[in-house]
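I open this notebook to record what I looked up in the structure.

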Amino acid sequence: MDNPLPRPESMPNNSREGTAQVTHTVVVSDPLPAKRVNEPITFTLEGEFHEPLWTARTREGRDVLCQKLAQAEAPGRTSFVTVLTFEGETELTLMGPATEADGITELPPVEQDAFIRLDTGYFDLEMCVGTAQGEGSSKWGLRHFRSIDEGIDLLPSGNNAIGGFYGPFFTPENGLINPPEHATVEIEVVERGPVLHHYRMHGTIPDGLLPELKDKSFVIDWWFTYGTPYFSRRYRVDDFQTVINGRAVTNKITVGDEFEGGQGELVFDRFAAYGGTRYREGDPYAEELANMVQESLQAPPSSNEKFEAFRSQLTDGIAGAHWDLYWRLFCIWEGALDEPMLRERLERVRTAAHIRADLPDRAWTIDEAPIDVSAVPDETIFPGPANKTAEFHSSTGRAMIWWTGVPSGAFQIVQRLQSGWVNWGSNGENECPELPVGTPIKTAYGQFADHWEQVAEQLEYPPVVSKRSSS
């Protein structure tokens with residue numbers, strides 16, 4: 001937002017009649033030394049400000065647009081959001097209402113189930129409500145995503161999504177119920193203006209095998225601001241307690257962000273955790289599930305049409321297939337196997353995978369250098385706890401960076417060259433979820449590979465706003 005805005009109208013008098021007009025100023029201070037680019041800043045002022053858009057002037061004399069937030073903090077107070085490019089410290093003084101300005105705009109949708117496609121000034125992204133048909137193209141979440149400068153869609157087919165959450169529902173214990181593919185969401189508009197779009201997804205998860213995970217609903221908040229190289233989100237799920245991978249799980253989820261480059265192409269080919277990566281290689285669970293697929297396909301012809309449909313898709317092998325085809329055969333929602341057979345086969349997979357996961361030859365590795373995930377067994381690693389992580393492309397320099405408000409206890413990172421599928425998931429071995437419900441997440445994307453740690457620090461430590469009012 002470097003271009004000057006239209007000159008504001010005069011500031012209304014929010015004080016009592018006969019008293020001096022109040023100048024509303026806040027100080028914005030950065031705890032870090034690096035420059036901020038279109039950093040979202042929220043501040044609250046005393047008084048009733050009725051117009052939706054206002055102009056504020058920085059200490060340096062630059063005008064920026066402020067959007068009044070519809071969700072008032074309290075009677076007699078008004079909250080605003082703006083985006084600032086600055087370094088060190090600056091001030092914002094509210095000048096008066098604004099009548100027009102550049103900002104977030106809407107674009108023609110790509111997918112039939114699109115709720116909205118946005119040009120945020122930095123990202124071109126599409127938010128979808130899903131179709132609950134049990135396929136990759138059925139998912140709610142962000143099904144197209146690109147930075148405007150780069151212009152490369154990280155989800156070109158629409159068969160994957162950023163923002164889904166999976167565990168503890170998408171587990172062999174629960175019959176592999178996949179919330180993004182087996183449910184739709186309703187989307188509530190919380191804030192929609194040129195500076196900020198805030199959306200709230202509401203959904204209900206289909207019941208699986210575990211009784212303690214039935215009748216569960218979720219809410220996901222998403223925030224996008226104008227010109228900002230990151231977006232924010234937060235997941236809330238009805239309280240639950242269960243056992244996954246032999247461990248008690250209370251209100252922890254798997255958040256999964258997927259990307260695709262097509263067969264033989266990876267949009268990200270390295271992974272790193274802040275301070276170094278502690279990880280184990282390989283994915284015994286995926287191997288055991290694939291083995292069970294192969295065993296199941298050897299069965300005589302069946303009258304179950306869904307089973308035969310999966311058999312026809314998997315005849316040529318699953319090495320280059322979408323990950324969905326590894327598990328959909330064993331999903332209770334699909335009905336390809338009757339429940340007793342489903343439970344028996346998933347129990348066998350689970351037992352074998354649990355044993356293999358902790359064998360002595362699956363030692364922990366500690367590496368300061370970024371990991372070439374596609375070079376390890378199963379093209380999968382399971383890193384240990386972290387709150388700042390990144391996947392990036394070693395030659396193009398593009399990077400996706402995640403900060404979580406508390407560390408996830410583990411991650412699953414996949415960079416599968418055969419299919420071009422890349423995954424960032426907040427789960428450990430055997431789909432065990434590790435991210436506490438309610439954790440704030442910020443996700444940045446851009447040409448950040450050579451300084452991703454600095455970007456991650458900025459995600460973790462936002463500028464500090466202090467109020468100053470003088471008459």
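**Entry 1: His 197.** I located His 197 in strand β13, residues 196-205; strands are DSSP runs of E with at least two residues, numbered from the N terminus. The model is predicted, local features need pLDDT of at least 70, side-chain atom pairs count only at pLDDT 80 or more, and totals for chains, interfaces and linings use all residues. Residues are numbered from 1 along each chain as its sequence is written, and side-chain values use heavy atoms, with hydrogens and water left out.

I then listed the contacts of His 197 (heavy atoms within 4.5 Å). Beyond its neighbours within four places in sequence, His 197 touches Ile 104, Ile 116, Leu 118, Glu 191, Arg 192, Trp 222, Trp 223 and Phe 224.

**Entry 2: the largest pocket.** I noted about 560 Å³ of space in the largest pocket. A pocket here is an open set of points on a 1 Å grid over the protein atoms alone, where a 1.4 Å probe fits, with protein on both sides within 12 Å along at least five of seven lines; lining residues have an atom within 4 Å of a point. The volume is the space filled by probe spheres set on the points, which are joined across faces, edges and corners.

Of the 27 lining residues, Pro 40, Thr 42, Trp 223, Ser 232 and Lys 442 are the closest to the centre of the largest pocket. I found β13 among the elements that give two or more residues to this lining, while β15 supplies the largest share, five residues.

Technical notes: Helices (H or I, at least four residues) and strands (E, at least two) are DSSP runs, numbered from the N terminus.
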